[in-house]
Amino acid sequence: MVTKDDIELFEKLMKSERSKSTAEINILYLRRALAELGYELTPTKLKEYILSLAEENKSKARHTAKALKLFIKEIIKPKSPRIARELYDSFKIPKTKPSHKPYIPDIATVKQIFI
């Protein structure tokens, strides 16, 4: 079970160690995930939750998984390393494909630039 004190400690850590925007994103996604999970973390719940998010939106699932892994590493691990390892290894961060393709000029354009 995740307590209010755990969440407050995570917020303090994020605000002191990360940039403002990164901290806000991590806190937002963590709070949303914990609310949807009922503030109870189990390996099967976490895995199912991340998989269902990935079906909806890979980017949202990626942000949520990163926030959860960071929470487990920073808050749960110091209290209970064995449980933290079990939770941390229960799910993976979903991979996303890049949204753009780099422009590769043809040989004629390259010659024109350098001649």
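Modeller: Ground rules: the model is predicted, local features need pLDDT of at least 70, side-chain atom pairs count only at pLDDT 80 or more, and totals for chains, interfaces and linings use all residues. Numbering runs from 1 along each chain as its sequence is written, and side-chain values use heavy atoms, leaving out hydrogens and water.

Colleague: What is the average pLDDT of the protein chain?

Modeller: The average is 93, with 100% of the residues scoring at least 70; pLDDT is the predictor's confidence in each residue, from 0 to 100.

Colleague: Why is the pair of F10 and F71 called edge-to-face?

Modeller: Rings of Phe, Tyr and Trp (its six-membered ring) pair if their centres lie within 6.5 Å, and planes over 60 degrees apart count as edge-to-face, under 30 as stacked, the rest as tilted. F10 and F71 have ring centres 5.5 Å apart and planes at 75 degrees, so edge-to-face it is. The pair links helix α1 (residues 4-17) to helix α4, 61 residues apart, and both F10 and F71 are buried (under 20% relative accessible area; exposed is over 50%, partly exposed in between; 1.4 Å probe, protein chains only).

Colleague: What makes K69 lie over the face of F91?

Modeller: The rule wants NZ of Lys or CZ of Arg within 6 Å of the ring centre and within 35 degrees of the ring normal. K69 lies over the face of F91 at 4.7 Å from the ring centre, and R32 lies over the face of Y29 at 5.5 Å.

Note on methods
Helices (H or I, at least four residues) and strands (E, at least two) are DSSP runs, numbered from the N terminus.
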